[in-house]
Amino acid sequence: MIEESAGAAYRIEDLAHRSGATVRTIRAYQDRGLLPRPERRGRANLYADTHLARLRQIADLLDRGYTLASIKELLEAWDAGRGLGGVLGLVAEVHGPWTDEEAVRISRAELDERFGGHPDDAAVAEAIELGVLERIPGQDDTFLVPSPQELAVAAELYEAGVPLSAISSHLRELRGQVEHIASRFLEFTAEHVFARYLGEHPPTDSDATEAAALVRRLRPLARQTVDAELARAMQLFAHRQLRRHLGVEKPRADAEETRTVAVPAATMTAVEGLVGAEHAAEFIALAAEREVRARALDALAAHRPQTAEVDEPS
């Protein structure tokens, strides 16, 4: 590396070492217009701290799931004077943790002890599939627990007598319903709050900074709303169940019982676009009832008794 009064200057090998990118990657970024060309000094190509910062920004955006094409659009907007600091702040705000929980590690021995003391490879595999546990490379007997609270709930349910298979099935069903709630909340806030930031082009630096501040303010609202509504519903149904089990209240014979089913988000979006969110459940119920009735009629028609032909009188 060559130290200059105007700042640091790097040969491409030095830049690769400091940024963590390969020489080949740096040249590919230059060819795609993601990275400015180096300054030519004599026979040497020299890079500056701005190149190092740009490589780190690209790496950060790639880690967050952005494509090189979308990164190029963001960087071009920055180079055009629209600013990137606010955009990167918004990206970091959205991709940052949405919970105060911190991941912990747990050994296989500790895990077995918390769930009955008997190794259950199938249950561990399912927990990994659900993301309740994560493998740690090179450590076969230790797992990462992204949500200690979720694992603690599972342990309490197991101790109370709920089989692990039932806990897994419950989590899958619950996750589908919660993802629907999250999707609806984001659609709601996007329509009424973030619409002005969601244009065809990346937001300006100031707009992105303002949007990031709004994300910080609105982030806890979904959880607070769900917590309040879940508490209300749990109290309502627990009270109702207790009265029934104590014989204080008998269920009405004609009362309709409901069951919750997971509906694909795309299907719900299509139905809500057709009849509105407030009528979506009724529409799905009526459509299902119509299908059941149609099949019942078809079955009856297929088994109708054969009638003998009667000659008409001449």
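Guide: Val-226 sits in helix H10, which covers residues 205-245. Helices here are DSSP runs of H or I with at least four residues, strands are DSSP runs of E with at least two, and both are numbered from the N terminus. The model is predicted, so local features need a pLDDT of at least 70 and side-chain atom pairs one of 80 or more, while totals for chains, interfaces and linings use all residues. Residues are counted from 1 along each chain as its sequence is written, and side-chain values rest on heavy atoms, without hydrogens or water.

Is Val-226 buried, partly exposed or exposed? Its relative accessible area is 37%, so Val-226 is partly exposed. Buried means under 20%, exposed means over 50%, and partly exposed lies in between, with a 1.4 Å probe and protein chains only.

Together with Ile-181, Leu-230 and Met-234 it forms a nonpolar patch. The four have about 360 Å² of accessible area together. Such areas come from the Shrake-Rupley method with a 1.4 Å probe, and for residues only the protein chains shown count as cover. A patch takes residues with over 30% relative accessible area and no salt bridge; like charges are joined within 9 Å, and nonpolar side chains (Val, Leu, Ile, Met, Phe, Trp, Tyr) within 5 Å. Helix H10 supplies the largest share of the patch, with three residues.

Stay on H10. Arg-232 and Glu-229 both belong to this helix. They are three residues apart, about one turn. Their side chains meet in a salt bridge, at 3.2 Å from N to O. A salt bridge here is a side-chain nitrogen of Lys or Arg within 4 Å of a carboxyl oxygen of Asp or Glu. Arg-232 has a relative accessible area of 46%, so Arg-232 is partly exposed. Glu-229, at 43%, is partly exposed as well.

Arg-216 is also found in H10. Its relative accessibility is 47%, so Arg-216 counts as partly exposed. In sequence, Arg-216 and Trp-98 are 118 residues apart. In space, their C-alpha atoms are 9.6 Å apart.

Now go beyond H10. How many salt bridges does a search of the whole structure find? The search finds 11. One of them joins Glu-129 to Arg-172, with the closest N and O atoms 3.4 Å apart. Glu-129 lies in helix H7 (residues 121-130) and Arg-172 in helix H9 (residues 164-192), so this pair ties together parts that are 43 residues apart in sequence. Glu-129 is exposed, because its relative accessible area is 58%. Arg-172 is partly exposed, because its value is 37%.

Helix H12 (residues 280-302) has a pair four residues apart, Arg-293 and Glu-289, so about one helical turn separates them. Their side chains form a salt bridge at 3.1 Å, N to O. Arg-293 counts as exposed, at 54% relative accessibility. Glu-289, at 36%, counts as partly exposed. Elsewhere, salt bridges link Arg-108, Asp-112 and Asp-121 in a network.

Next, the strands. Three of them form an open sheet in the order E5-E7-E6, with antiparallel pairing. E5 and E6 are the edge strands, since each pairs on one side only. The twist averages 40° from one strand to the next. Two strands pair if DSSP finds at least two bridges between them.

Strand E5 (residues 104-107) is joined to strand E7 (residues 139-145) by four bridges. Ile-106 has Phe-143 of E7 as its bridge partner. Val-104 has Val-145 of E7. On the other pairing, three bridges join E6 (residues 134-136) to E7. There, Ile-136 is partnered by Gln-139 of E7. E6 and E7 make a hairpin with two residues between them. Gly-138, in the turn, has a positive phi of about 80°.

Finish with helix H3. H3 (residues 49-63) has 15 residues, so at 1.5 Å a residue it should span 21 Å. The expected span is 1.5 Å times one less than the number of residues. The end C-alpha atoms of H3 are 21 Å apart, which agrees. Its buried residues include Leu-52, Leu-55, Ile-58 and Leu-61. After H3 comes Gly-65, with a positive phi near 95°.

Conventions
Axes are lines fitted to C-alpha atoms, for helices over the stretch in contact, and angles run from 0 to 180 degrees between N-to-C directions.
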